[in-house]
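I opened this notebook to record what I looked up in the structure. The entries follow in the order in which I made them.

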Amino acid sequence: MGRFFGKRQEVPARSAEPLKVQMRRGEAHPFGILDGYVPLGGGGARLYKAIREAVPVVDAAIMKLVRLTGGFTVCCENERVQRELREFIRLVDVGRGQKGLEAFIAGYLDSMITCGCAIGEIVTRGDRDIAAVLCGEVSEIAIEEGETPLDFKLCSAVGGGAPRAFAQQELLMFTPYNPETDSPYGVSMLRSMPFLTDILLKIYSSIGSNFERAGNLRYAVVYRPQGDGLDKAYAKERTEQIARSWSEAMVSGKSGNIRDFVALGDVDIKVIGADNQELSSEVPVRQVLEQLIAKTGIPPFMLGISWSSTERMSAQQADLMTSELAAIRRSLTPVIERICSLWMAMHGYAEAFEILWDDINLQDEVEEAKAGLYRAQTQEIWQRIESGAVGGVGAAV
């Protein structure tokens with residue numbers, strides 16, 4: 001019989017298997033990027049997005065901040081210019097099927113809080129009109145600083161090599177969130193959360209493993225041969241028979257059929273891990289969540305968390321919340337003004353305009369109305385005292 005494939009080649013000897021490293025780290029939960037976190041300046045965008053995906057309460061708090069910031073409008077002395085500018089704000093394309101400058105500001109603020117900074121681009125139709133206002137991905141940009149803090153350029157960090165400065169810097173908008181003196185990229189609200197988030201996810205992962213064990217029980221079946229020689233001689237065969245019968249009973253139970261297990265002799269059946277004490281997770285989970293929620297500044301009851309039977313927003317909490325939202329609005333107002341100023345310049349308008357933000361909530365209006373009423377009553381009382389209508393402060397009160 002001829003050889004179809006020519007001369008037979010010698011099979012090389014199998015080399016020895018490489019040594020397996022014993023000291024290796026396994027992920028305790030699906031968000032492994034949170035474990036072993038090391039801050040790397042502006043490179044934590046993926047980390048912060050993973051925190052929002054892993055902890056729903058953090059994601060809900062950021063969405064609450066974005067929504068509570070509210071909408072805005074513009075006010076101009078020229079009614080015609082005001083009407084056209086408001087129409088532009090309402091209908092401008094902001095990408096991904098969305099329209100309106102408020103949708104752009106919502107995405108812009110979301111990036112500021114999550115990543116520590118936000119970048120936007122104004123897309124024009126030459127020098128005639130603004131076609132769209134788009135949000136950019138902060139992980140794809142780099143900042144080239146000049147000799148002074150006022151001199152910087154936005155560059156593209158996509159691809160290899162040195163970053164390339166964008167050609168039309170005047171059409172780009174960049175806003176850092178709480179910038180530090182040594183970094184132009186800003187600071188994310190989530191910067192101090194990776195360590196606590198990792199602890200929280202380990203607790204949740206262990207809870208899931210315990211419930212999976214409780215719902216999918218593991219059994220230990222122990223057969224002890226008796227003292228006679230015959231029982232000891234057939235111990236192996238009887239053990240195999242018990243194992244087959246137990247396996248058939250378990251398989252029948254999964255399909256909905258009830259099948260009893262009957263054994264002869266000294267057979268002991270125990271649930272593996274049933275005698276272990278479950279650790280209470282309520283206190284550590286609450287401690288971690290308190291730290292995470294305190295960073296956002298949102299009252300817990302607004303996130304669906306009730307830690308007290310008398311949980312409600314006090315006047316102090318309302319004032320702090322209003323101050324936080326006012327600070328966020330101060331950071332967004334220059335971005336809106338820049339877009340509107342460019343639109344007015346393209347259309348040949350030179351009128352001054354003002355950005356007016358919507359009221360944050362009804363509670364602020366009520367408190368302001370009460371304060372105005374108290375001031376008016378106080379002024380009336382002092383006027384009556386000065387005119388001699390009443391004898392003194394005690395009589396007026």
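**Entry 1**

I began with N178, which is exposed, as its relative accessible area is 51%. For such labels I used these cut-offs: buried is under 20% relative accessible area, exposed is over 50%, and partly exposed lies in between, with a 1.4 Å probe and protein chains only. N178 is not a glycine, yet it has a positive phi of about 50°. It lies in the loop between β9 (172–176) and α5 (194–215). Helices (H or I, at least four residues) and strands (E, at least two) are DSSP runs, numbered from the N terminus.

I then looked up R96, in the loop between β2 and β3 (98–99). R96 is not a glycine either, and its phi is positive at about 55°. With a relative accessible area of 82%, R96 is exposed.

**Entry 2: basis of the values**

I noted that this is a predicted model, in which local features need pLDDT of at least 70 and side-chain atom pairs count only at pLDDT 80 or more, while totals for chains, interfaces and linings use all residues. Residues are numbered from 1 along each chain as its sequence is written, and side-chain values use heavy atoms, with hydrogens and water left out.

**Entry 3: the largest pocket**

How much space lies in the largest pocket? I recorded about 510 Å³. A pocket is found on a 1 Å grid over the protein atoms alone, as an open set of points where a 1.4 Å probe fits, with protein on both sides within 12 Å along at least five of seven lines; lining residues have an atom within 4 Å of a point. The volume is the space filled by probe spheres set on the points, which are joined across faces, edges and corners.

The lining of the largest pocket has 22 residues, and the closest to the centre are R96, G107, Y108, D110 and C135. Helix α4 gives the largest share of the lining, nine residues. I sorted the lining into eleven nonpolar, six polar and five charged residues.

**Entry 4: salt bridges**

How many salt bridges does a search of the whole structure find? The search finds ten. A salt bridge is a side-chain nitrogen of Lys or Arg within 4 Å of a carboxyl oxygen of Asp or Glu.

K49 pairs with E137, with the closest N and O atoms 3.1 Å apart. K49 lies in helix α1 and E137 in the loop between β5 and β6 (141–145), so this bridge ties together parts that are 88 residues apart in sequence. K49 is partly exposed at 38% relative accessibility, and E137 is partly exposed at 32%.

E84 and R80 form another salt bridge, at 3.5 Å between the closest N and O atoms. These two residues are four apart in helix α3 (residues 79–91), and are therefore separated by about one helical turn.

R191 and E180 meet in a salt bridge at 2.9 Å, N to O. Both lie in the loop between β9 and α5, so the pair ties together parts that are eleven residues apart in sequence. I also noted that salt bridges with shared partners join R52, D59 and D110 into one network.

Definitions and conventions: Nonpolar A, V, L, I, M, F, W, Y, C, P; charged D, E, K, R; others polar.
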